[in-house]
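Welcome! Please take a look at the structure shown here before reading on.

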Amino acid sequence: MARIKRAVTAHKKRRKALKLAKGYFGAKSKQYRTASEQVRRSLRYAYTGRKLRKREFRSLWITRINAAAHLNGMNYSTMIAGLKKANIDINRKMLADLAVCDPEAFAKLAETAKQA
């Protein structure tokens with residue numbers, strides 16, 4: 001049985017790693033071994049970063065809602081509880097957007113939450 005030479009696939013594999021490492025400093029963008037190590041590490045950081053971004057945005061939305069709720073004479077937890085009692089199903093992203101872009105609409109929602 002003939003021996004399989006993997007010249008083409010090996011070159012493709014290396015080219016792919018070096019393409020992903022483009023822009024890295026020094027040997028990390030030139031040498032295959034260091035480039036592949038750095039790419040592996042970078043992809044792991046990117047995965048973690050995508051998870052962290054969701055957490056950070058949620059905390060930002062909560063902070064914005066809390067600030068706007070304080071302007072309307074209540075705090076975040078009572079606002080959310082009031083909205084739940086009033087059967088108003090709106091997510092934190094939309095609430096934060098209303099708080100920043102349309103304070104009048106947010107004030108109406110706060111009044112509804114107060115009454116509920």
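## About the model

This is a predicted model, in which local features need pLDDT of at least 70, side-chain atom pairs count only at pLDDT 80 or more, and totals for chains, interfaces and linings use all residues. Residues are numbered from 1 along each chain as its sequence is written, and side-chain values use heavy atoms, leaving out hydrogens and water.

Helices here are DSSP runs (H or I) of at least four residues, numbered from the N terminus. Phe57 is partly exposed at 41% relative accessible area, and Trp61 is partly exposed at 21%. Buried means under 20%, exposed over 50%, and partly exposed in between, with a 1.4 Å probe and protein chains only.

## A positive patch

On the surface, Lys28, Arg40, Arg41 and Arg44 gather in a patch of positive charge. Such patches take residues with over 30% relative accessible area and no salt bridge, joining like charges within 9 Å. A salt bridge is a side-chain nitrogen of Lys or Arg within 4 Å of a carboxyl oxygen of Asp or Glu. Arg44 sits in helix H2, residues 32–71.

## A buried alanine

Ala21 is in the loop between helix H1 (7–20) and H2. With 0% relative accessibility, Ala21 counts as buried. Ala21 and Ala116 are 95 residues apart in sequence and 56 Å apart in space, C-alpha to C-alpha.

Notes: Patch = residues over 30% accessible without salt bridge, like charges linked within 9 Å, V, L, I, M, F, W, Y side chains within 5 Å. Areas by Shrake-Rupley, 256 points an atom, 1.4 Å probe, with all protein chains shown as cover. Lys, Arg positive; Asp, Glu negative; His and termini not counted. Charge placed at Lys NZ, Arg CZ, Asp CG, Glu CD. Helix = DSSP H or I, 4+ residues; strand = E, 2+ residues; numbered from the N terminus.
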